[in-house]
Every structure is written in C-alpha cells, then in structure tokens.
Amino acid sequence: MKKTTIGFAMTGSFCTFEAALKQMEELVQRDYEVLPVLSYHASQLDTRFMTAKHLHERIQEITGRAPITTLQEAEPIGPKKMTDLYMIAPATGNSLAKLVNGIFDTPALLGAKSHLRNDRPLVLAVSTNDALGAAAQNIGRLMTWRNVYLVPFRQDNALQKPRSLVADFTQIPKTITSALCGVQLQPMTGTPLGTVEKS
C-alpha cells in the first residue's frame, strides 16, 4: 500500500526550526513519506539558531532525502502529483503575504502553488510577529480558501510581543489527519503561553 506523502516546506522563522524538525521526525515515525522543501532563506542563511549546513544534514538524516531548494525542483510537485498533502511549517508572515497575492518566487511557495492545482490539502503552521498586525488580513483570507487548513496557534509572548502568533507544532499530526479528511482541526486558537488556564 502506497504511503501518504507529505510535502514539508520550511520558511524563515528560524527560532521554530527545532520544533518543526521534531514534527518532521514524528511524521516519519508515523509512516508518512516526507518530501522536504526549503525556501531560499531557510536553505541558505546561518543564524544563531542553526546553520544552513546543519539544517540540510538534519533533514537528510530524518527523511533520507536532500531537501528541494530550487524552483526547478519544486515545479513538478503538482504535475507529477508528488504530494498528498503539502505543509508550510513554519509559515512566516512574508510567505503568507506572497501566497495570498499569488507570488510564488521561492521553492516553498512554488511547491504550494503546484500542489494546490490538484485540489489537495495545504496546511499552514503560522509563525510571525505580525500575525495580529499586518499579517492578520492575510491569515484571515487564507482561512477562507478551499483546501487550506491551519495548525492551531496561540500568542507566544503576549506582553512583549502582543501581535505575535506561533502554531502549536505538536498539533501538526492531528491537523494533517483532519485536513486529509477535509476538516479544520478545532479549536484553532489556544491559551497564550505563560498564562494559566482556569478550570
């Protein structure tokens, strides 16, 4: 029986890379085939969180594949029906804005566009300091798109970064399962980090 193939694209929210890679490992352990894709920034930039070389090595180790890093490699994803579901995790405010406005100038975004032509689910794990600011309108518009599903998110530092949202990466597997059934995982918002839920 053919494995379900997940396109796993990463864009430049570098502080969430470890959380994303942990979920990439989880998906492989759950017997998904994972096709990794990187935006140009994710692929090339060294940061205080991780070097580009280390990211490439980790992805190769987890998936057994070198990540897709060029437009030429990403373009056939749709025509060849290479993915059953495509996910961008993390999905930055910059990438969300481009997606909404039809700008597909990175491998991660072109992969999403190419995948969507087959009416298959696209999952977004939002991670941006402007989610409740400039990026809010783009997130809202994406919520209305057919075949687009969001990983539940929350404020990650409501006092110091009041407009920032980050997806709960631990809910990626559940979101994928729901999206493959055509259902948005609920609830979509969680209690802000650093707060105490009242019973």
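# Chatting through a predicted model

Q: How exposed is aspartate 119?
A: Aspartate 119 is partly exposed, at a relative accessible area of 46%. Buried means under 20% relative accessible area, exposed means over 50%, and partly exposed is in between (1.4 Å probe, protein chains only).

Q: What kind of model is this?
A: It's a predicted model, where local features need pLDDT of at least 70 and side-chain atom pairs count only at pLDDT 80 or more, while totals for chains, interfaces and linings use all residues. Residues are numbered from 1 along each chain as its sequence is written, and side-chain values use heavy atoms, with hydrogens and water left out.

Q: Back to aspartate 119: where is it?
A: Aspartate 119 is in the loop between helix H6 (107-116) and strand E4. Helices (H or I, at least four residues) and strands (E, at least two) are DSSP runs, numbered from the N terminus.

Q: What's phi for aspartate 119?
A: Phi is near 55°, a positive value in a residue other than glycine.

Q: Which other aspartate has a positive phi?
A: Aspartate 31 has one, about 75°, and it is not a glycine. You'll find aspartate 31 in the loop between H1 and E2. At 45% relative accessibility, aspartate 31 counts as partly exposed.

Q: Ok, new topic. Where are the cis peptide bonds?
A: One runs from alanine 89 to proline 90, with omega near 5°, and proline 90 is in strand E3. Another joins glutamine 186 and proline 187, with omega about -10°. Proline 187 is in the segment after H8.

Q: Let's do helices. How do H1 and H3 pack?
A: Their axes are 9 Å apart, at an angle of about 15°. Axes are lines fitted to C-alpha atoms, for helices over the stretch in contact, and angles run from 0 to 180 degrees between N-to-C directions.

Q: What do you call that arrangement?
A: H1 and H3 are roughly parallel to each other. Angles under 35 degrees count as roughly parallel, over 145 as roughly antiparallel, 65 to 115 as roughly perpendicular, and the rest as oblique.

Q: Which residues meet there?
A: From H1 there are Phe17, Glu18, Leu21, Met24, Glu25 and Val28, and they meet Leu55, Arg58, Ile59, Ile62 and Thr63 of H3. Contact means heavy atoms within 4.5 Å.

Q: How do those residues divide up?
A: The H1 and H3 contact has seven nonpolar, one polar and three charged residues. Ala, Val, Leu, Ile, Met, Phe, Trp, Tyr, Cys and Pro count as nonpolar, Asp, Glu, Lys and Arg as charged, and the others, Gly among them, as polar.

Q: How do H1 and H8 cross?
A: The axes of H1 (residues 17-29) and H8 (residues 172-180) come within 10 Å and cross at roughly 55°. That's why H1 and H8 are called oblique to each other. The contact is made by Gln23, Glu26 and Leu27 of H1, with Ile172, Pro173 and Ile176 of H8. Those residues are four nonpolar, one polar and one charged.

Q: Which residues of H8 are buried?
A: Ile172, Pro173, Thr175, Ile176, Ser178 and Ala179 are buried. The buried residues of H8 pack against strand E1 (5-10), H1, strand E3 (85-91), strand E4 (122-128) and E5.

Q: E5, hmm. Is valine 148 in that strand buried or exposed?
A: Valine 148 is in strand E5 (residues 148-150), and it's buried, with a relative accessible area of 6%. Leaving aside neighbours within four places in sequence, valine 148 is in contact with Leu122, Leu124 and Leu142.

Q: Which residue does arginine 30 pair with?
A: Arginine 30 pairs with glutamate 26, and their closest N and O atoms are 2.7 Å apart. Arginine 30 is partly exposed at 48% relative accessibility, and glutamate 26 is partly exposed at 25%.

Q: Which pair links distant parts of the chain?
A: Arginine 65 and glutamate 33 form a salt bridge at 3.2 Å, N to O. Arginine 65 is in the loop between helix H3 (52-63) and helix H4 (71-74), glutamate 33 is in strand E2 (residues 33-38), and they are 32 residues apart.

Q: What does aspartate 156 pair with?
A: Its partner is lysine 161, with the closest N and O atoms 3.0 Å apart. Elsewhere, salt bridges that share partners join Lys2, Asp84 and Arg120 into one network.

Notes. Salt bridge = Lys/Arg side-chain N within 4 Å of Asp/Glu carboxyl O.
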